[in-house]
Every structure is written in structure tokens, then in C-alpha cells.
Amino acid sequence: MTNNPRVLKAFKATRALGIPDRLVKPVLKNLLAVYDKNWELIEEDNYRTLVDAYFESQDNKGEEDKREVDMGHGGSERPTKKLHLANDEDHGESEIPSRMVSRQASMESSEPCLRDGRAGSSSQIPLKQSRDKGKNPTSSAVSRDNHKKDFLIPKTEESTNCVPVSAQPAPMRRPGSSGGSTGGNSVTSLASSEVGTSGRDALHVSGPSKGPCRIEHSQVDLNGMGSSCLITREGKKPIKSLDDISKSTEKVKISLADEIGNESLPKFNYIPDNIVYQHANVNISLARISDEDCCIGCSGDCLSSEFPCACAQETGGDFVYTKQGLLKEDFLTACMREPDKQNFFYCQDCPHERLKNEYMPEKCKGHHIRKFIKECWRKCGCDLWCGNRVVQRGISCKLQVFLTPEGKGWGVRTLEVLQKGTFVCEYVGEILTNTELYERNTHSSGAERHTYPVTLDADWGSERVLRDEDALCLDATFHGNVARFINHRCCDANLIDIPVQVETPDRHYYHLAFFTTRTVSDFEELTWDYGIDFDDLEHPIEAFQCNCRSVACRGKRQKGRKGKQH
Ligand SMILES: C[S@@+](CC[C@H](N)C(=O)[O-])C[C@H]1O[C@@H](n2cnc3c(N)ncnc32)[C@H](O)[C@@H]1O
């Protein structure tokens with residue numbers, strides 16, 4: 001028996017999957033030899049390399065060894081499948097082993113906010129009046145600086161040749177590859193297309209309560225069960241699972257696991273970046289960015305220069321990110337502070353109130369003026385790896401959509417430990433004007449389920465009167481990213497939403513990024529405070545009966561009110 005704590009920790013991780021130490025030992029030894037005793041490579045991703053190598057070795061052995069594993073379990077079920085079910089294509093030359101994928105500090109997060117004036121960005125949504133504007137929707141993508149290929153360290157001869165097949169970590173999907181991998185171990189299948197009631201593309205997962213789930217989508221091949229979707233808290237095989245709900249649009253896979261088996265995924269179309277629905281005034285052009293509004297003279301990584309760059313000047317004269325890519329403690333603390341009265345802006349002519357009653361609008365209820373992060377962008381001289389570009393690089397944490405046991409529907413959890421200040425994801429959805437959102441809500445049937453929209457009002461104070469086309473919000477009901485599954489928690493949520501200015505010099509439009517407020521353990525559910533006023537009976541989207549289980553829950557009392565949104 002070894003006393004080496006690193007070996008013991010590795011055994012602990014594999015034991016959790018039901019793998020006996022004695023079978024792990026030779027694989028571990030082999031990996032240590034191959035990786036030149038580089039434990040980090042073996043330990044990363046919760047020993048994924050080790051686990052993959054173990055299953056590879058088992059596959060390479062004959063039936064005899066398999067029997068041995070079963071016996072080693074004392075008759076209990078063999079740990080179902082290897083964590084990474086790579087298919088034939090995955091083993092192709094063009095693929096890159098997981099250890100070759102550069103590890104971005106997992107720290108991007110963006111949260112949607114539905115704040116009603118307590119501590120968040122979004123305000124309540126207006127009620128009546130309908131104005132029909134235009135008939136031809138035009139969508140323009142508002143994309144991140146998403147050079148996905150740039151996130152990979154190129155495969156070198158040395159790195160590919162030195163790893164024996166049995167110890168070779170299962171390959172990662174190359175981020176940004178379209179369609180990804182199919183076949184092989186895939187258990188999900190691409191079925192007939194399904195279009196939602198509104199004519200939008202819909203992602204619909206259905207399936208029997210046991211066995212493989214079926215995916216219906218009009219455009220995208222969602223591949224079969226793969227690595228991460230098989231990871232569950234207890235190491236059990238989920239009843240339904242998806243390898244990647246992002247349809248390969250994110251640089252990391254976002255799996256789905258249903259260990260309960262009584263829900264189907266709501267119909268929605270996964271988009272990795274916000275997109276204008278129709279009338280929102282989101283004008284992205286280099287000409288609008290003056291030389292003073294960017295750091296044109298910088299190069300490489302702004303964080304390594306002696307003085308904060310021009311972009312950092314806009315966030316209090318200093319960078320908000322550490323070299324490790326985490327949000328700095330003091331900035332995070334300031335964002336988490338309860339707002340004072342002076343942090344609220346009261347419009348003279350509030351777009352929300354205008355919509356509720358055009359002729360006799362009520363007084364503005366106030367909008368929380370919030371701290372912004374300003375990231376470097378394309379007119380800046382620095383590169384994509386500049387430390388002042390975190391949110392725009394997209395999701396890098398291992399996230400999983402899962403069915404919550406407390407009846408909150410689907411939720412999001414992290415599959416890895418996240419440090420405080422880590423960016424998790426952005427709240428992505430359609431960019432709508434308030435008028436469009438109002439119309440959408442008034443016309444939606446009671447049967448339709450809505451996610452909470454987020455009002456982008458964190459800087460409304462800078463304008464005396466806001467035009468309709470500048471009062472924007474994000475709606476992730478029909479088109480959205482993983483953030484649409486993040487559930488609400490009344491207090492002590494582990495995520496906070498922070499406005500991020502990237503490509504537009506004004507702040508009518510901005511990104512909303514979720515960062516962790518503390519260290520988050522693996523398999524812990526990610527939550528944020530929607531800022532809902534559970535007593536607001538006028539809100540077009542009825543409040544749900546809150547089941548956040550926090551000590552200061554504001555929404556427990558909601559008996560008899562049933563939310564239509566989901
Ligand atoms: C943005 S969605 C979150 C994802 C959602 N759970 C799902 O299954 O799609 C918001 C909805 O989730 C549910 N929800 C979120 N937080 C909740 C909580 N603390 N208690 C009960 N339900 C919650 C409510 O139905 C709410 O309308």
C-alpha cells in the first residue's frame with residue numbers, strides 16, 4: 001500500500017467509479033512513465049486521462065480481464081462505460097488528445113439578470129400596448145471574438161508519438177468542428193426535424209424512460225452519448241443523456257444528464273452568441289470605436305504591460321482580471337455589494353412604464369446602475385490571449401445540464417471545482433427591444449413556457465430619454481445558451497451577473513457574464529439571484545413557487561401562483 005498522497009487521491013477518484021486500485025495501479029504507472037511523472041496531466045479534469053486510459057486498457061484486453069473487473073466489484077455492476085466514448089473519427093489523425101488542449105483557466109461566466117432593482121440589472125417588463133413594427137425579421141449575430149481554433153495548442157510530433165495506445169488519453173473533440181463526431185459509440189440518433197410552434201428551430205430531446213434518448217433537430221447533428229454526459233454525481237449512468245447540447249458551437253461540450261427520467265428538454269435552439277431578433281439597435285462598427293476607446297498601441301497581453309491600458313481605464317483604472325483569468329477579489333466584492341439608493345437611476349420617461357401605459361405612464365421604479373467590465377476587442381492591438389479578454393473567449397468550464405431532484409426542472413451544474421471569480425458563461429439569447437419583448441409576452445399563449453428575460457438597463461442613467469430601439473433585453477426562451485437553464489436562488493447564489501462591454505462603445509447593448517462568487521465544488525448546482533419580486537402581481541411572467549431552499553427565501557410563500565414559464 002502506497003503512502004503517496006497523489007496516488008491515494010487518484011485511487012480515490014477511480015474507486016468512486018468502482019474501479020479496483022490494483023487495476024488502476026499499472027495504468028497509473030504507465031501514464032506516469034509516459035508523461036514523465038507530470039501529475040498535473042493525470043490529475044486534471046478529475047483524473048479524466050487516467051480513467052480514459054484505464055478503460056482503453058480494458059478494451060484492449062480480452063474477455064478474461066473484463067471478468068476480472070466484474071469480480072473485483074464483488075458482483076456489483078461494472079462501471080458502465082468509459083467516461084470518454086470516443087468514436088472512430090475521434091481517433092483520427094486530425095484529432096488532438098485532451099492533454100494537448102490548452103487549459104484555459106475556467107472562469108468565464110455570465111449571468112442573465114432579471115433584477116428588479118434589488119441588486120441586478122434587469123427591470124420588470126412592461127405590460128400592455130402593442131405596436132407592430134415591420135414584417136421582415138433580420139438577424140445579425142453579435143458574436144464573441146470566437147477564434148475557436150486558437151484555443152488549441154498544436155499537436156506536435158513529440159506529443160503524439162510518445163503515448164502508447166493503451167495509455168493515450170481519449171481525444172477531445174476539436175472545438176469549433178462542425179457536426180462533431182458520429183457513429184462509434186453513439187446511442188443518440190438524429191431524427192426528423194421538428195420546428196417549434198413559432199416556426200423557430202427547436203431542439204427537442206425525447207426518449208423512453210430507459211435507454212438512449214432521441215434528438216430531433218432540423219439542422220444539427222447532436223452526437224451520441226459521449227464523455228461528459230456519462231458523468232453523474234454518483235457515477236451512475238443517466239437515464240437520458242446528451243453529449244453536447246451546444247451542437248458543437250461552444251469550444252467545450254455541454255452535456256445533459258437526466259438521472260430521474262421524467263422530463264424532456266424544452267424546445268429551444270442553442271446559440272452561443274446573442275443575436276438581434278429584429279429592431280434592436282446594436283450597431284457594431286470599427287468606426288464607432290474611437291482610438292481613445294481602445295488600446296490600439298498595445299500588443300500581446302495587456303496585463304503584462306507596466307500600466308493599465310486604455311480599456312482598463314474604463315474599469316476604474318485597473319484590470320479587473322488576474323493573470324490567472326479570475327475576477328479580482330475587490331472588483332467582485334464591489335459587484336456583490338447591495339446597491340445604495342444613489343446607485344439607482346430613475347428615468348424621466350421610463351421605457352417600461354411607457355409600454356405599460358402610453359398615455360399615463362407611472363413613475364419609473366428605478367434601474368440599478370452597475371459596475372461594468374470593459375474588455376479589449378478587435379481594434380485593440382493586443383491578441384486574443386490578452387488577459388483582458390475573458391468573456392469574449394466563451395465557455396471553458398465543464399458544465400452539465402441536469403434534472404434537479406427538488407422539482408425546479410432542469411438546472412446547470414459544474415463538473416469541476418471552480419475557483420472564486422471564475423467566468424462560467426454568458427447569458428445568451430435574442431436581443432429584443434422592450435417593445436418587442438412586450439409584444440412577445442402579450443401574444444404568447446399561456447401554454448408556452450418562458451425563461452425570464454433580462455433587461456439590459458445597467459447603464460440607462462447615461463441617457464435622459466431612451467429611444468425604444470435602444471432599450472434592449474435578452475430573451476433566451478427560443479434561442480439561448482446553457483445559461484437559460486440556470487435556476488434562481490434567493491440568497492447566497494454561487495453566481496453573479498456582471499455587465500461586460502466588448503464590441504460597442506455605448507452601453508445600451510452589452511454582455512451579461514456569470515462569475516462565481518465563491519469556490520464551487522464539482523457537481524454543485526450553479527445558481528444566481530434572478531432578482532424577482534415574488535409579490536409583483538403585475539409582472540407579465542408569473543413568479544414561480546421558489547424552491548431554492550436558502551434561509552432567506554423570498555418566494556416560498558407563493559401558494560396558488562403557478563408560473564407558466566420554465
Ligand atoms: C431560466 S429557467 C431555469 C431552467 C428551468 N429550471 C428549466 O427546466 O428550463 C427559470 C425557471 O426555472 C424554474 N426555477 C428556477 N429557479 C427555481 C427555484 N428556485 N425554485 C423553483 N423553480 C425554479 C422556474 O420554473 C423558472 O420559471
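## The ligand and its polar contacts

A polar contact here is a pair of N or O atoms within 3.5 Å. With that in hand, let's start at the ligand of this predicted model. A nitrogen atom of the ligand lies 2.6 Å from a backbone N or O atom of lysine 408, so this pair falls inside the 3.5 Å limit for a polar contact. Histidine 488 also takes part through its backbone, where an N or O atom is 2.9 Å from a nitrogen atom of the ligand. Tryptophan 410 places a polar backbone atom 2.7 Å from an oxygen atom of the ligand. On its own, the ligand has 560 Å² of accessible area, and the protein covers 95% of this.

The shell around the ligand holds 17 residues, and the closest are Lys408, Trp410, Asn487, His488 and Asn547. Sorted by type, the shell has eight nonpolar residues, seven polar ones and two charged ones.

## The chain as a whole

Stepping back, the chain has 566 residues, and 57% of them are buried. Its secondary structure consists of nine helices and 22 strands.

The accessible surface of the chain is about 24,000 Å². Carbon and sulfur atoms contribute 49% of that surface.

## One side of helix 7

Helix 7 spans residues 329-336, and its buried residues include Phe331, Leu332 and Cys335. Why do they sit on the same side of helix 7? They cover an arc of only 100° around the axis, which puts them on the same side.

What lies over them? The cover on the buried residues of helix 7 includes strand 12 (373-374), strand 20 (495-501) and strand 21 (511-516).

Tyrosine 47, in helix 3 (residues 39-60), has a phi near 65°, which is positive although the residue is not glycine. Is tyrosine 47 buried or exposed? Tyrosine 47 has a relative accessible area of 6% and is therefore buried, given that the cut-off for buried is under 20%.

Lysine 247 is the other residue to look up, with a positive phi near 55° in a residue other than glycine. Lysine 247 belongs to the loop between strand 6 (240-242) and strand 7 (254-258). Its relative accessibility is 10%, so lysine 247 counts as buried.

Methods:
Residues are numbered from 1 along each chain as its sequence is written. This is a predicted model: local features need pLDDT of at least 70, side-chain atom pairs count only at pLDDT 80 or more; totals for chains, interfaces and linings use all residues. Side-chain values use heavy atoms; hydrogens and water are left out. Buried means under 20% relative accessible area, exposed over 50%, partly exposed in between (1.4 Å probe, protein chains only). Helices (H or I, at least four residues) and strands (E, at least two) are DSSP runs, numbered from the N terminus. The arc is that of the directions from the helix axis to the C-beta atoms. Contact means heavy atoms within 4.5 Å. Accessible areas come from the Shrake-Rupley method with a 1.4 Å probe; for residues, only the protein chains shown count as cover. A residue is near a molecule or strand if one of its heavy atoms lies within 4 Å of it. A polar contact is a pair of N or O atoms within 3.5 Å; within protein, one must be able to donate a hydrogen and the other to accept it, and residues adjacent in sequence count only if both atoms are side-chain atoms. Ala, Val, Leu, Ile, Met, Phe, Trp, Tyr, Cys and Pro count as nonpolar, Asp, Glu, Lys and Arg as charged, and the others, Gly among them, as polar.
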